[in-house]
Amino acid sequence: MASNRLGGAALAALLMAGATAVSPEAAAEPVKVGMITTLSGGGASLGIDARDGFLLAIKQSGSKDVTVVIEDDQRKPDVAVQLADKMIQSDKVDVLTGIIWSNLAMAVVPAAVNQGKFYLSVNAAPSQLAGRGCNPNYFSVSYQNDNLHEAAGAYASSAGYKKSFILAPNYPAGKDSLTGYKRFYKGALAGEVYTKLGQTDYAAEIAQIRASGADSVFFFLPGGMGIAFMKQYAQSGLDVPLVGPAFSFDQAILQAVGDAALGVRNTANWSKDIDNAANRKFVDGFVEGYGRLPSIYAAYGYDTANLLLSAMAKASVSDTDAFRKALEAADFESVRGKFSFAANHHPIQDIYVREVVKEGDVFTNKIIATAMTDRDNAYVADCKM
């Protein structure tokens, strides 16, 4: 497989293809999208894939009605806030998207939506924005942060695990992840640890796991954190089964971890082997356009763009109420199959159990079971829109 970076020529072609979405018979009003995402540093592969999936959907639509302004947040909240201010005040964007990390979302989203902008999340979906902090102009197209972890807890219980050791980074998504796991896990905890965000040395945590008597380990460590942990875990010789959400077994992470990931079970609301026309078009188009298999982040970016396109086919972005209703309708073909929004603008969707396998020389995932059907989220009742 080719590198996880998009070559300059390919990116230029997609950016020139630039734009989005509407049916030919609809008179679409142009929309300017501000994409703030992580394109450098340890989490770069996540933002790159979200960006590439979004741009692929735009290219496939064949329309020229959307301009996309893309900036690198460097995984720094202050940088993300500065970029959002620039995009809103100077670039005059209509819609914002792209943020991967929940601490950055908490810094950017409330101010953006309170200025009348729409925010469509390709990834980060902290509980604070799903419950009392919900907003009519905020939509999470990915999930609610707890969801995939809830499914992991349900799977761990069904697999008969009685004593899980759980760990995640100490930031909003990490806290949501362990909360979600515990919501559906029925056993006892051998330990619960919050690690430093961006940490790469897990010797102390692995020692704690070894001493805990755990019969399973649930971990949420996205990006380079997951690569470091899984490599060190394999080298430690510990023979305690791992369970995690898709973020710890992302397509790019798997290639870096290698054989140590084989057979590990993880939970996801998307997989490349979901059998529907939209997903086949996405996976084939991504491989053709970028020379690598798409990740779950790319799938979220792709669905986010197609949601935007579907709304543009029905309403003008300048008519806020009509455009919001068009987004709420979610009238697009999702790569996940069934897709609708709960009352707090987070998805209702199925969540699967996947297993890491090797296809040729490429590590990837395949679905082996359904963990949850038509799951919404735990915060709907707290949202008073």
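## Disulfide and aromatic contacts

The sulfur atoms of Cys-134 and Cys-383 lie 2.1 Å apart, and the two residues form a disulfide. The structure described here is a predicted model. A disulfide is a covalent bond between the sulfur atoms of two cysteines. The search of the whole structure finds one such link. The link of Cys-134 and Cys-383 is right-handed, with 95 degrees about the S-S bond. Cys-134 sits in the loop between α5 (127-130) and β5 (138-140), while Cys-383 sits in the segment after β13 (362-375), so the bond ties together parts that are 249 residues apart in sequence. Cys-134 has a relative accessible area of 14% and Cys-383 has 12%. Cys-134 counts as buried because its value is under 20%, and Cys-383 is buried as well.

Aromatic rings are the next topic. The structure has 20 aromatic pairs. Two of them involve Phe-229 and are listed here.

| Pair | Centre to centre | Angle between planes | Class |
|---|---|---|---|
| Phe-219 and Phe-229 | 4.8 Å | 45 degrees | tilted |
| Phe-229 and Tyr-233 | 5.5 Å | 35 degrees | tilted |

Phe-219 belongs to strand β8 (residues 216-219) and Phe-229 to helix α9 (residues 224-236), so their pair ties together parts that are 10 residues apart in sequence. Phe-229 and Tyr-233, in contrast, both lie in helix α9, four residues apart, which is about one turn of the helix. Phe-219 and Phe-229 are both buried, and Tyr-233 is buried too.

One aromatic cluster is formed by Tyr-143, Phe-220, Phe-247, Tyr-297 and Tyr-300. A charged residue also meets a ring: Arg-75 lies over the face of Trp-101, 4.9 Å from the ring centre.

How values were computed: Residues are numbered from 1 along each chain as its sequence is written. This is a predicted model: local features need pLDDT of at least 70, side-chain atom pairs count only at pLDDT 80 or more; totals for chains, interfaces and linings use all residues. Side-chain values use heavy atoms; hydrogens and water are left out. A disulfide is a pair of cysteine sulfur atoms within 2.5 Å. Helices (H or I, at least four residues) and strands (E, at least two) are DSSP runs, numbered from the N terminus. Buried means under 20% relative accessible area, exposed over 50%, partly exposed in between (1.4 Å probe, protein chains only). Rings of Phe, Tyr and Trp (its six-membered ring) pair if their centres lie within 6.5 Å; planes under 30 degrees apart count as stacked, over 60 as edge-to-face and the rest as tilted. A charge sits over a ring if NZ of Lys or CZ of Arg is within 6 Å of the ring centre and within 35 degrees of the ring normal.
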